[in-house]
Every structure is written in C-alpha cells, then in structure tokens.
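Thanks for coming. I have one structure to go through today, and I will take it from the overall fold down to single residues. Please have the sequence to hand.

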Amino acid sequence: MIIKFSVENWMSFRDQVSFSMVSSRERQHGKRVPQIEKYQTRVLPIAVIYGGNASGKTNLFKALSFAKKFIVKGTRQDSFIAVEPFSLNSQGAKLPSKFIFELLINETIYEYSFVVTRKSVLEEKLIEITSTKEKVIYDRRENKPHFHDSLENDQFLHFAFRGTRDNQLFLTNAVSQKVTNFKHIYDWFSNNLELIAPDSRFGPFHQFIDEKNPLYKIMNKVLYQLDTGISSLGSEKIAIENAPFPDEVKKQLSEDISDKNMACIRSVHPNMLFVVTSKDGELKINKLITNHHKDDGTNVKFEMFQESDGSQRIIDILPVFLKLSEYNSKKVFVIDELDRSLHTLLTRKLLELYLATCSPNSRAQLLVTTHDVLLMDQQLLRRDEMWIAERDRNGASKLLAFSEYKDVRYDKDIRKSYLQGRLGGIPRILLSGPLSNQHSEEECRGDR
C-alpha cells in the first residue's frame, strides 16, 4: 500500500508536493478503511483527484510511471535518465528532481527515496520505519554507500554497489545482482503497482477467451449486467497466413513461441486482439471477439473495433476492479482519466463494487484522476479521499484534500461549492462572448 508519495521539481510540480493516503479523523465510511494495528494508523483504500485541464493530475500519474520504470527497468549504459524537471522558471531545469515513497509491505512501513538529474543519481535512501524508530538500511550520497551496522560487513553488498552506474539506482542493480536484502521493495514496484493510462490496457487478455479461467466467467457475467449489450466474450480461430501481422512479426512469433508460452498482441488495427500459442511446433491464433444476441435469440459475432468506445473501455478496466476485489489482494492501481468514455452511473457503480469489498483488513488501493464531478459525493467518498489539483499563475501545481478545508462539512454539497470555484481546481476561463467576436476587424476585412 502507498502510505505517502512526494515529488519535487517534476513537470508542473515545482515545490515538493505530497499525496497522503493516511486517514484523517474523518468518521464517514469508517468501516471500510484498512487498519494497521502495528502503527496505530488507518490507510485509505481509494483516492480520487479532480482538477481542471493541465492542473497536474496527469503529471502525478507520469511521476509514478517514471519512478516505476526507473526502478524496475533501470537505464542503459551512458543513457540519460528520463526525468522531466519543472521548466517554467530559470532554475527548474538545473535543479534535481526528488521522489519519496512511504510504503506498507508485509505489514512494515518503508520509506524509499531518490534524487536524480538527467545524468546521475545524487541520493538514494531506504529506511525501515518501526512503531518507535527509524532504521536506515542504506544511504547513498556522493556515490558512496552507508549501510546499517548489520549490513556494513556484507562484502557482496559493497561489490554490488561498486557495480552500480551513476545513472542507475542501487536498488535496481542490487536485485539484478541477486541481492535479496531489498528485493521486497523492488517487487512491490514490479508486481503490486499497476498504472493504467487513458489509452492503455490492463493485463493479458488471453484469460478472456479461456473458458477454464475464472476471470472468463466473471467478465461475461458482469459485462452483461453493466448493459454493454455484450452477451459474452469469445474467440475465433484464424490461420497464420490470414493473420494481419507483417511477415517479420510472423517469423519472430514462430521463433519465440514454444509449447509452454504464448503471446498476446494487437494487430495494425489498435483494437484487434490476438492470442498466439504453439502446439507441436505449429502456431495457433485466436482472435478476441464479442458475442451479441439477435432479436430471434441467435448469436452474432462482433469484432472488437465494432464495439463502442465505452464497451472497449469497460473490457479494458473491468479486470482492474476484479483484481482489486480479490480476497487478500495487495494490488495498487493508478488509473488516469477513469471516466474516459464511461457513463457517470457506470463509473460510480464500479467504484461502489470495489469499496464494498474493502474492510479493516484490506490491503488493496485505487488511485484515480477524473473530471466527473458527479462522483464528488460524500455518500460515495470521504472528504480525505477526494483531492484537488490546481495550477497557480506561475504554472506550478499543488494538491489538497477536501479534508483540509475547514468549511467542508460532512453534510455539505461539495460539488456545488467546487463548481462555483470556492474550493479551487477549476479552469480559469477568460474567453467570453461568441467565437465570431474573437476575430479582429483586420481579419474580418481580410476575408472580404
């Protein structure tokens, strides 16, 4: 679980901006809030970030995406670090960017942080936080390691550090060198943190066409109940010569796919989805399709690209909510523009279904950005679960939870106050009058 995330000098975040998932003294919906007895604290299962266009919502998503990729995949030798500092002042591009994560892993809280420029890692630190003190596991400064006393004499750790490049995190290199001391931190970023962009898909879609997979039955049941018009998902076998892949892709598939693995790929058309497997050295290709009922009760097949944008979006993100709702799930999903192509009632129902599974023992989390103000409802969300992203006149973004506003009562219509501009986070629209009035007289004369 994410306890807290801070970022500084990143895209529209000039100053350090913190995003906390720790519960306030809010009492609403208290029965669904996870409790961490060891630390006598509660952690929120959801956070919803609102704000105008270009307010910084997506930049927070991009900060998390950069951090995950930098930690999990690392960098190539002699390549630049893909950091994007705040650039709307003269010093921003010259200053380093800082990222701080406070995470709950196996019921223990860790703080992991790093400071980077495009050329190198300036600082990196891992701290284990107990209920009474903090234990610095390692601290990297000026490219020198400082390990905790219990690790100081571990020569293999020092060997792994000497092999860490300036543009590489020690955590990343240590795991690649099979150092196990910090692997649980790396694994959290690799396996638990999932980021879904507006145009991305979640998970391998082969499970949608495997009738033996539990997700297949659940997807079909829920898709029908969400009024998509889809009676079921299915597949259609096609010959390799008829697959809409370039010849070089077909050749590569033949070389890479064995009887023990598979490939889930998309064709040139962005919404044609294929599962490629091999049996006895022969490639088998199945295309994902949807089934609909005709008025006479018979079945008709649809290609994925024939489905509406909303139905495609549901197929994309419904597995997210099913994963979140699994018993003992520890996934943390971050979805940018959750409401894209979705009706507000459908979006709300997905959130309700997830929140209904949350309890004091839950360890899953959902962070989303949205423009759907109809979700700004205290019957659905707590005040500390709703955040505002706002950009100031200098282009710098900040984040603020509704629970930090003194006049936002539990019985207040916060949607009305938000749209009236009392809480910030709405676009400052200067344009007035019809568009025809925006043309100058000179432009009008030039058109005659």
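One term before we start: when I say that two residues touch, or are in contact, I mean that they have heavy atoms within 4.5 Å. Also keep in mind that this is a predicted model.

With that cut-off, take phenylalanine 114. Leaving out residues up to four places away in sequence, Phe114 touches Phe66, Ala67, Phe70, Ile71, Ser97, Lys98, Phe99, Glu123, Glu124 and Leu169. Phe114 is, together with Phe182, the residue with the most contacts inside the largest nonpolar core, which has 69 residues. Which helix gives the most to this core? That is helix H1, residues 57–72, with 8 residues. There is also a second, separate core of 51 residues, and Tyr50, Val275, Ile317 and Leu381 are among its members.

Now the whole chain. The protein has 10 helices and 20 strands. Along the principal axes, the C-alpha atoms fill a box of roughly 70 × 70 × 60 Å.

Of the 448 residues, 49% are buried. As for contacts between residues at least 6 apart in sequence, 63% of them join residues at least 24 apart.

The accessible area is about 23,600 Å², and carbon and sulfur atoms account for 48% of it.

Last, two backbone details. Most residues other than glycine have a negative phi. Glutamate 142 is not a glycine, yet has a positive phi of about 50°. Where is glutamate 142? It lies in the loop between strand E9 (134–141) and strand E10 (144–147). Is glutamate 142 buried or exposed? Its relative accessibility is 70%, and the cut-off for exposed is over 50%, so glutamate 142 counts as exposed.

The other case is aspartate 227, again a residue other than glycine, with a positive phi near 60°. Aspartate 227 sits in the loop between helix H5 (214–225) and strand E12 (232–238). With a relative accessible area of 70%, aspartate 227 is exposed.

That is the end of my part.

Definitions and conventions
Residues are numbered from 1 along each chain as its sequence is written. This is a predicted model: local features need pLDDT of at least 70, side-chain atom pairs count only at pLDDT 80 or more; totals for chains, interfaces and linings use all residues. Side-chain values use heavy atoms; hydrogens and water are left out. Helices (H or I, at least four residues) and strands (E, at least two) are DSSP runs, numbered from the N terminus. Buried means under 20% relative accessible area, exposed over 50%, partly exposed in between (1.4 Å probe, protein chains only). Accessible areas come from the Shrake-Rupley method with a 1.4 Å probe; for residues, only the protein chains shown count as cover. A nonpolar core is a set of buried Ala, Val, Leu, Ile, Met, Phe, Trp, Tyr and Cys residues joined through side-chain atoms within 4.5 Å.
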